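Here is a short note for a colleague who is opening this model for the first time. Please read the points with the structure at hand.

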Amino acid sequence: MSAAHTLILPPNWLGDAVMAQPAMRAIAAHHRHDRLSIHGRPWLRDLLPYLDLGACAFEERLPAADRAYLFPNSIGSAWRALKAGCRQRIGYRGQWRRPLLSRSLPRRLDLGHQHHRLYYLDIPAQLGMEVAEKEVVLVRPPGDREEGMALMAAQGLDPGRSICVAPGAQFGGAKRYPAEAYAHILAWLAKEGWQPIVLGVEAERAIGEQVLARVEGPAWNAAGQTRLRQALQLAAASRLMLCNDSGFMHVAAGLGIPTVAMFGATDPARTSPSGTHVRLLYEPAACSPCLQRECTVTGQPCMANVLPEAVRDACLAMLCP
């Protein structure tokens, strides 16, 4: 008799997929004797080796399965799982999808006030599964750190002095620390001998040019120039991650990379990263956290309150403890 097939559909955003890792790891461990697979956006193939989900294979097309755990809350994800032939469909109720689920779970945690990681962890908790680790703990695939160092060296950078910077945030501009402030910070760090690498997608390449505008010395705007796997390798090999509240923040913190992140429109109580080497800078304005995609207040005060000098000092404290 062939093993049962257990399928996981993770959240659709990089940061949320990382925050869901403890929950997905608990599900994978509970069904460790099954055939395990995961389906989602194409970049998930690159992230999967870091998630520590055992013998879990990436499925490019949504397959039929004996059971499917649905982390997205959309009616579309439940409908697609039903149409694909997933016999059991398990996930949170909502968006009129309860009739499409075999096991519809109540939302006992409020995403508006409680941490996303705990919200995802309540799925295996409601199903009586053992949760061995509640924090995000990512793994470095064998050779990935060395690959990252080789990518740095190929750009004329010293891997021992290279830091990663992720100044974008695909959710929207409200989460982005000002590019001009980044430029001052990176110029100061470059004078101390640190060599910045900008990570991001092609649409963020112009932001990368802006934040590197004042840097004198080796630097690399890798935004749009790497696949996600290469960006993950660079992060895994870097000495520091400087970023906004973004997917790369969660990746770096989960890998144990020293991480400095600026918060403004979002709330650290809801989306702070796991990790012991993390410094979050948050000086909320009267309108914080607005949770909006774009800021509608002149001067973006929540970010303006976080002074570039404070960010620089936090970075140097992490780099030179």
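1. Start with helix α5. In this predicted model, its buried residues are His 116, Arg 117, Tyr 119, Tyr 120, Leu 121, Asp 122, Ile 123, Pro 124 and Gln 126. That is nine of the eleven residues in the helix, which spans 116–126, so α5 is mostly covered.

2. Tyr 119 has a relative accessible area of 2%, so it is buried. Tyr 120 has 6% relative accessibility and therefore counts as buried too.

3. A further pair is made by Tyr 177 and Tyr 182. Their ring centres lie 5.5 Å apart with the planes at 85°, so this pair is edge-to-face. Are these two tyrosines buried or exposed? Both Tyr 177 and Tyr 182 are buried.

4. Phe 71, Tyr 92, Tyr 119 and Tyr 120 form one cluster.

5. Two arginines sit over tryptophan rings. Arg 161 lies over the face of Trp 194, 3.7 Å from the ring centre. Arg 312 lies over the face of Trp 188, at 4.7 Å from the ring centre.

6. Now turn to helix α6, residues 144–154. Asp 144, Gly 148 and Met 152 are buried there. They cover an arc of only 85° around the axis, so they are on the same side of α6. The buried residues of α6 pack against β7 (162–166), β8 (195–198) and α9 (228–237). Just after the helix, Gly 156 takes a positive phi of about 80°.

7. Strands β7 and β8 belong to an open sheet. In what order do its six strands run? The order is β9-β8-β7-β10-β11-β12, and the pairing is parallel. At the edges stand β9 (220–221) and β12 (278–282); each has a single partner strand, so one side of each is left without a neighbour in the sheet.

8. Within the sheet, β7 and β8 pair in the parallel sense over four bridges. Val 165 stands opposite Val 198 in β8. Helix α7, residues 179–191, packs on the sheet. This helix touches β7, β8, β10 (241–244) and β11 (259–263). The direction of α7 makes about 175° with that of β10.

9. Finish with a loop residue. Glu 60 is in the loop between β3 (56–58) and β4 (67–70). Its relative accessibility is 60%, so Glu 60 counts as exposed. Which residues does Glu 60 contact, leaving aside its neighbours within four places in sequence? They are His 39 and Arg 45. His 39 is 21 residues away along the chain, while the C-alpha atoms of Glu 60 and His 39 are separated by 6.4 Å.

Methods:
Residues are numbered from 1 along each chain as its sequence is written. This is a predicted model: local features need pLDDT of at least 70, side-chain atom pairs count only at pLDDT 80 or more; totals for chains, interfaces and linings use all residues. Side-chain values use heavy atoms; hydrogens and water are left out. Buried means under 20% relative accessible area, exposed over 50%, partly exposed in between (1.4 Å probe, protein chains only). Rings of Phe, Tyr and Trp (its six-membered ring) pair if their centres lie within 6.5 Å; planes under 30 degrees apart count as stacked, over 60 as edge-to-face and the rest as tilted. A charge sits over a ring if NZ of Lys or CZ of Arg is within 6 Å of the ring centre and within 35 degrees of the ring normal. Helices (H or I, at least four residues) and strands (E, at least two) are DSSP runs, numbered from the N terminus. The arc is that of the directions from the helix axis to the C-beta atoms. Contact means heavy atoms within 4.5 Å. Two strands pair if DSSP finds at least two bridges between them. Axes are lines fitted to C-alpha atoms, for helices over the stretch in contact, and angles run from 0 to 180 degrees between N-to-C directions.
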